[in-house]
Amino acid sequence: MIFLSLYFLYLYAPGVSNPAPDVYLSYEIMNQENYIFMHEMKVRDYECDLQGIVNNANYQHYMEHSRHEFLETLGVNFGKLHDDGIDAMVSKITIEYKLPLRSGDRFVIGINLQRQGPRIVFYQDIFRKSDGKLCTRGVVETICVENGRLTRGAIFDEIFKDYIH
């Protein structure tokens, strides 16, 4: 309960804003040069609903998995961070659905990120690989809790030093 109270105080504190990011432009066609990391996946049958398209909740899973894969390429394991008392948590997520993915579709998730005060914000686009078209766009705001306390998550400044300027 104390953590939630501190978190809500942070969210509504004077001077905490959510500026429009300079690093996130409106890309409609997949281009690897626009992202700091790209990860390919394939839609599995059980991820689709009765309409034959990917259920909306699965896009959030795709984005989470790609963030964890990104960390792995930087030599960081998400589970190990937790074991060390460091928990990165999603505080807010916004997803725009543009075009559906279907069973068997291969897709690519592009990632960019930005530090906004104590938050790390991930900008994630999902493109259908067959035609390179944008299917989904997500903005994922994350916070860091270290040993049960809300922090700035300075460890992520070191982890993402090549990407946060």
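Mentor: Let's start with R67: its charged end sits over the ring of F122, 5.8 Å from the ring centre. That label needs NZ of Lys or CZ of Arg within 6 Å of the ring centre and within 35 degrees of the ring normal.

Trainee: Okay, and what kind of model is this?

Mentor: It is a predicted model, numbered from 1 along each chain, where local features need pLDDT of at least 70, side-chain atom pairs count only at pLDDT 80 or more, and totals for chains, interfaces and linings use all residues. Side-chain values use heavy atoms, with hydrogens and water left out.

Trainee: Which aromatic cluster does F122 belong to?

Mentor: The one formed by F37, F70, F122, F156, F160 and Y163.

Trainee: How do the rings of F70 and Y163 meet?

Mentor: Their centres are 5.6 Å apart and their planes at 65 degrees, so this pair is edge-to-face. Rings of Phe, Tyr and Trp (its six-membered ring) pair if their centres lie within 6.5 Å; planes under 30 degrees apart are stacked, over 60 edge-to-face, and the rest tilted. F70 is in helix α2 and Y163 in the segment after α4 (154-159), so the pair ties together parts 93 residues apart in sequence. Helices (H or I, at least four residues) and strands (E, at least two) are DSSP runs, numbered from the N terminus.

Trainee: Is F70 buried or exposed?

Mentor: F70 counts as buried, at 1% relative accessibility, while Y163 is partly exposed at 24%. Buried means under 20% relative accessible area, exposed over 50%, and partly exposed in between (1.4 Å probe, protein chains only).

Trainee: New topic: where is D125?

Mentor: In strand β4, and buried, with a relative accessible area of 0%. The D125 side chain makes a polar contact with the side chain of R137 at 3.0 Å. Such a contact is a pair of N or O atoms within 3.5 Å; within protein, one must be able to donate a hydrogen and the other to accept it, and residues adjacent in sequence count only if both atoms are side-chain atoms.

Trainee: And which element gives the most to the lining of the largest pocket?

Mentor: That's α2, with 6 residues.
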